[in-house]
Amino acid sequence: MSPKIMILLGSASDFKIAEKSLEILEQLELAYDIRVASAHRTHEKVKQIVIESTRQGVEVFIGIAGLSAHLPGMIAANTHRPVVGVPVDVKLGGIDALFASSQMPFPAPVATVGIDRGDNGALLAAQIIGIHDENVRNRISKLRENYYKKVQRDESQLVGNIEGDYYAPNKIELPKIEKKVFHSLTEEGVDKEIPLVAVIPGSYSDMKIAKKTTMFLDRMGISYDMNIISPIRYPERFEAYMERMNEVKLFIAISGLSAHVTGAVVALSEKPVIGVPCPMRMGGLDALLSMVNMPPGVPVGTVGIGNGGNAAVLAAEMLGIENKDLEDRVKRLKSRSADF
């Protein structure tokens, strides 16, 4: 059994975070390997592990590190496969590691998840593999159902202990857990070719970054649909659009401020979601933190603030796992070929 996922820890002290990853991968029945190698103290070891693992067929890397967490970035520098970064809270609440992991230069993206969220890192890696494997997608669906049921159990336990005199609960009919199947349609209901990627800017102010994303998708020959739509201002339109885009391979959500777009996408899809925070206020830190620090079960692979180009490269790395032509384009791009 060859591993599809390689987990690298910057230090053995990060294993408590890695355990969350292992638990998810065991539930999803995905083969993995795990090693300890420091980007700064064992540079050549990291490089050798990444190059050899890529050659042997590893499809996704997970880098788990704290402090100046350069490990995920070093992995990205030595492979054309997607890299998931899990920042660890060692100092400063993990913000230092979060910035080091997410704020990567073009074209070396790291799909960064929340601080200490080893579980979300593993789930995102599984979603990436699931792009090309229906059995993995089905197991992810079952895992998501378990998260849903856990919330229901927690609510029942909580409200069962409320004894206030004025507690007056409404009767609310909750939706049944079911997997919907939709087809990609135009607004008029006419079948059209299904794109590989759906790009969703939250507003027209996000379009500068969205255009950079689509420019690189075009240059790598990746088909996409783009729709500017806010889940806050137009919730029904947003849900209808997500239904129509159900068959795309992945989503790229681009948003500033409190970055609700990414949260709305992961709530409505089990496909991988790449998030691009936009610098509308506070230099984009509000959007970055809102986008990356998702609860268990709903990961967003967040790239650096305003880095729409890295979102496109990351999408190409994900799609290139089973597409030799696209894989070669990513290799050329990352090696600074004159073709790009």
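Colleague: To start, how many salt bridges does the count come to?

Modeller: The count comes to 9 salt bridges. Keep in mind that this is a predicted model.

Colleague: What makes Asp133 and Lys4 a salt bridge?

Modeller: The cut-off is a Lys or Arg side-chain nitrogen within 4 Å of a carboxyl oxygen of Asp or Glu. For Asp133 and Lys4 the N to O distance is 3.8 Å, so the pair qualifies. Asp133 sits in the loop between α5 and α6 and Lys4 in the segment before β1, so the pair ties together parts 129 residues apart in sequence.

Colleague: Why is Lys4 called partly exposed?

Modeller: Its relative accessible area is 28%. Buried would need under 20% and exposed over 50%, so Lys4 falls in between.

Colleague: What links Arg81 and Glu327?

Modeller: Their side chains meet in a salt bridge, at 3.0 Å from N to O. Arg81 is in the loop between α3 and β4 and Glu327 is in helix α12, 246 residues apart. Arg81 and Glu327 are both buried.

Colleague: Now to the helices. How do you know that the span of α11 agrees with its number of residues?

Modeller: Helix α11 covers residues 308-319, which is 12 residues. At 1.5 Å a residue, α11 should span 16 Å, and its end C-alpha atoms are 17 Å apart, which agrees.

Colleague: And why is α11 described as mostly covered?

Modeller: Because 12 of its 12 residues are buried, that is, under 20% relative accessible area.

Colleague: Which residue does the side chain of Glu317 meet in a salt bridge?

Modeller: The side chain of Glu317 meets that of Lys334, at 2.9 Å from N to O. This pair links helix α11 with helix α12, 17 residues apart. In general, side chains of opposite charge can pair when their charged atoms come close.

Colleague: Why are α11 and α12 called oblique to each other?

Modeller: They pack at an angle of about 140°, with their axes 8 Å apart. Roughly antiparallel would need over 145 degrees, and roughly perpendicular runs from 65 to 115, so α11 and α12 are oblique. The crossing of α11 past α12 is left-handed.

Colleague: Which residues of α11 and α12 meet?

Modeller: From α11 there are Val313, Ala316, Glu317 and Leu319, and they meet Leu326, Val330, Leu333 and Lys334 in α12.

Key. Residues are numbered from 1 along each chain as its sequence is written. This is a predicted model: local features need pLDDT of at least 70, side-chain atom pairs count only at pLDDT 80 or more; totals for chains, interfaces and linings use all residues. Side-chain values use heavy atoms; hydrogens and water are left out. Helices (H or I, at least four residues) and strands (E, at least two) are DSSP runs, numbered from the N terminus. The expected span of a helix is 1.5 Å times one less than its number of residues. Buried means under 20% relative accessible area, exposed over 50%, partly exposed in between (1.4 Å probe, protein chains only). Axes are lines fitted to C-alpha atoms, for helices over the stretch in contact, and angles run from 0 to 180 degrees between N-to-C directions. Angles under 35 degrees count as roughly parallel, over 145 as roughly antiparallel, 65 to 115 as roughly perpendicular and the rest as oblique. A crossing is left-handed if the near helix is turned anticlockwise from the far one by less than a right angle, and right-handed if clockwise. Contact means heavy atoms within 4.5 Å.
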